[in-house]
Amino acid sequence: MKMLHSPARATTILLFVISIALVFSAALSSQQNSTRTTRQQAHPTFYRDVLPILQQHCQTCHRSEGISATPLETYDQVSRNAAEVVRLTAARTMPPWFADSHVGHFANDPSLSAQDISTLHAWLQSGKLKGQPNEGPPAKLWSGGWNILQPDAIIKMPVPVNIPANGDVEYTYEIVPTGFAEDKWVQASQILPSGPQFIHHAVVYIRPPDSKWLREAPVGIPFTASSLHDSHLSHEAHWTDSDMLLVYAPGSSPDNFPDAMAKFIPAGSDLVFQMHYTTNGKAGVDAASAGIIFAKHPPAQRVITLQLTNDSFLIPPGADNFPVEVHGTLPNDATLLSFFPHMHLRGKRFEYNIVHADKSKQTLLRVNYNFYWQLSYKLAQPLALKAGTELQAIAWFDNSPNNPHNPDPNRAVRWGDQTYDEMMVGFFDVAVPANVDKQQFFIRHPSQQN
């Protein structure tokens, strides 16, 4: 006897079959995608997998007109240097970054993820596959040697400085008028030396038209403190309360502030380039430039650069972990933005802390210091600090024979300009109300203190 199915039962069976088919199809698609992803991970290609990593983490230095002599922009360039790229990234020597990963988070951290490092290693091991150019990102556009957008204004030292092959070079200054007929707010800036191989560090100061600092010094030509032949002027060359546009050392990042923050250059100001050159066995020249991008509108907050400095230390011969510290309290409310620690060849470690009323400490940055890569560290989340907040900077120095960079472990070391001397400076940027300049910020208002 035949069994007759009702139309409703037949429809139910058909839907069940379709559902099974869809589930099987989805599972097959998922398996295929998983297989394809596994295949991509096992056999990464330059354009699809490697180039995005290099663009994001490496090309700020490794490009034509960058500070590195090894560009990493094309397949041929990277393929030739693949083994070294893999070795240095696996060791986390590159990209350079020296902040303790357990302390703080920083917006300019260029470190590669474990997945990035694995991808580079797999690419080398699988034969450095090229892939298809259309699988990769478009070439990143750079404005010459600038790591900021094309500057709105470029203020360049008009007379190049001749640097000898050997010996000490005094701090060299060059005063350059901006020619600004109106006040300017600076959203981003960068110092670009023409001879970066000679630069120990550089500071560009903003000298407003009413400042008396170095008014008797020559304008537009390089000079040193001793060349001024005036003891008062020579002293002025070593000290100022003028605000800084930017501090530079090899590897440091340009300044690039949010829309609500900017640095301020009054109309009629000069820029004073303070250049610390070091010799390397070959004579050369340098004429540094300051590139400036103006804010599109007046900001709510003005950025000023402050510093915690101890210049009265004495590091004993042979000391391998000698601490030098300095404390200071904020005279008014401010928002902490970034840090720039500075030492010389015996520098080992540097730390910034907040010291609370009960003497407990909150560490904001801990750096395993590297003289050859003096980086800035920009907080991922700016930190609001109240007036009266106590800040501490601690530097540790290694003056022992175990320090391979130590010029002389048998010598007691004091503060000094030259690299074989030492310095202890903890620069940091803060944001304050737009109508407050650096001098006004240091006027303490008792009602605002903790």
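In β9, V176 has L271 as its bridge partner. This is a predicted model, in which local features need pLDDT of at least 70, side-chain atom pairs count only at pLDDT 80 or more, and totals for chains, interfaces and linings use all residues. Residues are numbered from 1 along each chain as its sequence is written, and side-chain values use heavy atoms, with hydrogens and water left out.

Strand β9 (residues 270-277) pairs with β3 in the antiparallel sense over six bridges; strands pair if DSSP finds at least two bridges between them. Strands here are DSSP runs (E, at least two residues), as are helices (H or I, at least four), numbered from the N terminus. The open, antiparallel sheet has four strands in the order β3-β9-β5-β6. Because β3 (172-177) and β6 (244-248) stand at the edges with a single partner strand each, one side of each lacks a neighbour in the sheet. From one strand to the next, the twist averages 15°.

## The second largest pocket

The second largest pocket has a volume of about 940 Å³. A pocket is an open set of points on a 1 Å grid over the protein atoms alone, where a 1.4 Å probe fits, with protein on both sides within 12 Å along at least five of seven lines; lining residues have an atom within 4 Å of a point. The volume is the space filled by probe spheres set on the points, which are joined across faces, edges and corners.

Of its 40 lining residues, W239, T240, M244, Q307 and T309 are the closest to the centre. Strand β12 gives the largest share of the lining, five residues.

Conventions: Axes fitted to C-alpha atoms, helices over the stretch in contact; angles between N-to-C directions.
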